[in-house]
Amino acid sequence: SGGPARSRPPLICCGGIQFTFHTFHLESAHDYLLITENGSFAQPLKRLSGSNLPGPISAGLFGNYTAQIRFISDFSMSYEGFNITFAEHDLEPCDDPGIPPFSSRSGVRFGVGDTLTFSCFPGYRLEGVFRITCLGGRRRVWSSPLPRCVAECGASVTGNEGILLSPNYPANYSNNHECIYSIQTQPGKGIRLKSRTFKLQQGDILKIFDGKDSTSRVLGTFTGLEMLGIILNSTSSNLWLEFVTNAEKTSKGFELLFSSFELVKC
């Protein structure tokens with residue numbers, strides 16, 4: 001059909017906007033009313049046509065506190081049209097989304113537009129977005145799902161101290177893993193490595209190399225509880241670790257702590 005598009009200026013208030021329809025009668029599929037809340041009518045909140053009286057519609061719920069209406073009609077038949085009133089309503093806050101395991105949260109407010117920021121404990125990697133925003137209103141939703149903090153198979157870390165975790169820690173690792181971990185600290189410093197937790201099934205091994213890769217000197221090969229109480233010192237600023245599991249039983253795995261120290265100069 002096609003025809004003139006008429007928009008009214010944005011409706012602005014300090015809360016959400018609720019539209020109430022008293023009459024509604026448009027030429028079905030040819031004349032229609034668009035309601036949006038982000039200024040774009042390409043994907044409107046509602047597209048209304050025909051003669052069924054719509055129920056109340058809430059808009060302006062995403063912290064922008066505005067809504068826009070566009071009425072489009074063609075050049076053929078005309079009908080009664082519509083009678084709409086609008087009123088402000090308070091925006092409701094979001095629910096407390098909680099804190100994902102093995103993470104911390106910054107932010108204590110859950111109102112519309114408020115943000116929460118998440119960060120993982122050392123040794124874990126964040127999956128998903130680290131910041132979410134309350135979109136609130138009557139929908140009471142956050143902008144994204146909560147992130148996850150996961151212990152991966154392998155890691156490459158730099159710094160003067162840190163933590164290495166076996167996959168899925170503190171849950172059991174899986175079968176048939178081949179995980180590579182590398183640690184690098186500042187030149188002129190060595191790396192001291194010890195275990196806080198170490199529990200592998202027989203046949204699953206952790207092999208530690210004194211250097212940048214697996215061609216370096218072997219510092220030790222460990223299984224079972226063998227690394228508990230042991231401290232390893234590198235002779236360079238790098239360590240390379242290989243964790244290999246078989247197809248048999250699994251166990252809790254390991255939590256390894258590393259720190260740097262000054263190497264003795266000749």
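## A glycine in a loop

Let's start with Gly159, which sits in the loop between strand S14 (155-158) and strand S15 (161-165). This is a predicted model, so everything here describes a prediction. How open is this glycine? Gly159 counts as partly exposed because its relative accessible area is 28%, which falls between the 20% and 50% cut-offs.

Now look for its partners further along the chain. Leaving out residues up to four places away in sequence, Gly159 touches Gln184, Thr185 and Phe258. Take Thr185: 26 residues separate it from Gly159 in sequence, yet their C-alpha atoms are 5.1 Å apart in space.

## The whole chain

Zoom out and you'll find 22 strands and 0 helices in the protein chain. Its C-alpha atoms fill a box of roughly 90 × 40 × 30 Å along the principal axes. The radius of gyration is 30 Å, whereas a compact globule of 266 residues would have one near 18 Å.

Of those 266 residues, 40% are buried. Contacts reach across the sequence too: among those between residues at least 6 apart, 70% join residues at least 24 apart.

## Two nonpolar cores

Which residues have the most contacts inside the largest nonpolar core? They are Leu193, Leu206, Ile208, Met227, Leu241 and Leu256, in a core of 21 residues. Six strands each supply at least two residues of this core: S16 (178-184), S17 (189-199), S18 (205-210), S19 (217-222), S21 (238-244) and S22 (253-262).

Not counting residues up to four places away in sequence, its contacts include Phe198, Leu200, Met227, Leu241, Phe243, Phe254 and Leu256. Gly220, Thr221, Phe222 and Glu242 are also among the residues Leu206 touches. There is a second, separate core as well, with 13 residues, including Leu26, Leu33, Ala59 and Ile69.

What does S10 pair with? Strand S9 (residues 103-106) runs antiparallel to S10, and 4 bridges join the two. In that pairing, Phe118 of S10 is the bridge partner of Arg105. S10 is also joined to strand S12 (residues 131-133) by 3 bridges, again antiparallel, with Leu116 standing opposite Ile132 in S12.

## An open sheet of three

Elsewhere, 3 strands make an open sheet with antiparallel pairing, in the order S6-S3-S8. Strand S6 (57-59) and strand S8 (81-89) are the edges, each pairing on one side only. On average, neighbouring strands in this sheet are turned by 25° against each other, ignoring direction.

Strand S3 (residues 16-25) and S6 are joined by 3 bridges.

## How confident is the prediction?

The mean pLDDT of the protein chain is 89, and 90% of its residues reach 70 or more. Which stretches score below 50? Residues 1-5 do, and this stretch has 15 contacts in the model beyond near neighbours in sequence. Residues 10-14 also have pLDDT below 50, and that stretch has 15 such contacts in the model.

Methods: Residues are numbered from 1 along each chain as its sequence is written. This is a predicted model: local features need pLDDT of at least 70, side-chain atom pairs count only at pLDDT 80 or more; totals for chains, interfaces and linings use all residues. Side-chain values use heavy atoms; hydrogens and water are left out. A nonpolar core is a set of buried Ala, Val, Leu, Ile, Met, Phe, Trp, Tyr and Cys residues joined through side-chain atoms within 4.5 Å. Buried means under 20% relative accessible area, exposed over 50%, partly exposed in between (1.4 Å probe, protein chains only). Contact means heavy atoms within 4.5 Å. pLDDT is the predictor's confidence in each residue, from 0 to 100. Two strands pair if DSSP finds at least two bridges between them. Axes are lines fitted to C-alpha atoms, for helices over the stretch in contact, and angles run from 0 to 180 degrees between N-to-C directions. The radius of gyration is taken over C-alpha atoms; the globule rule is 2.2 Å times the number of residues to the power 0.38.
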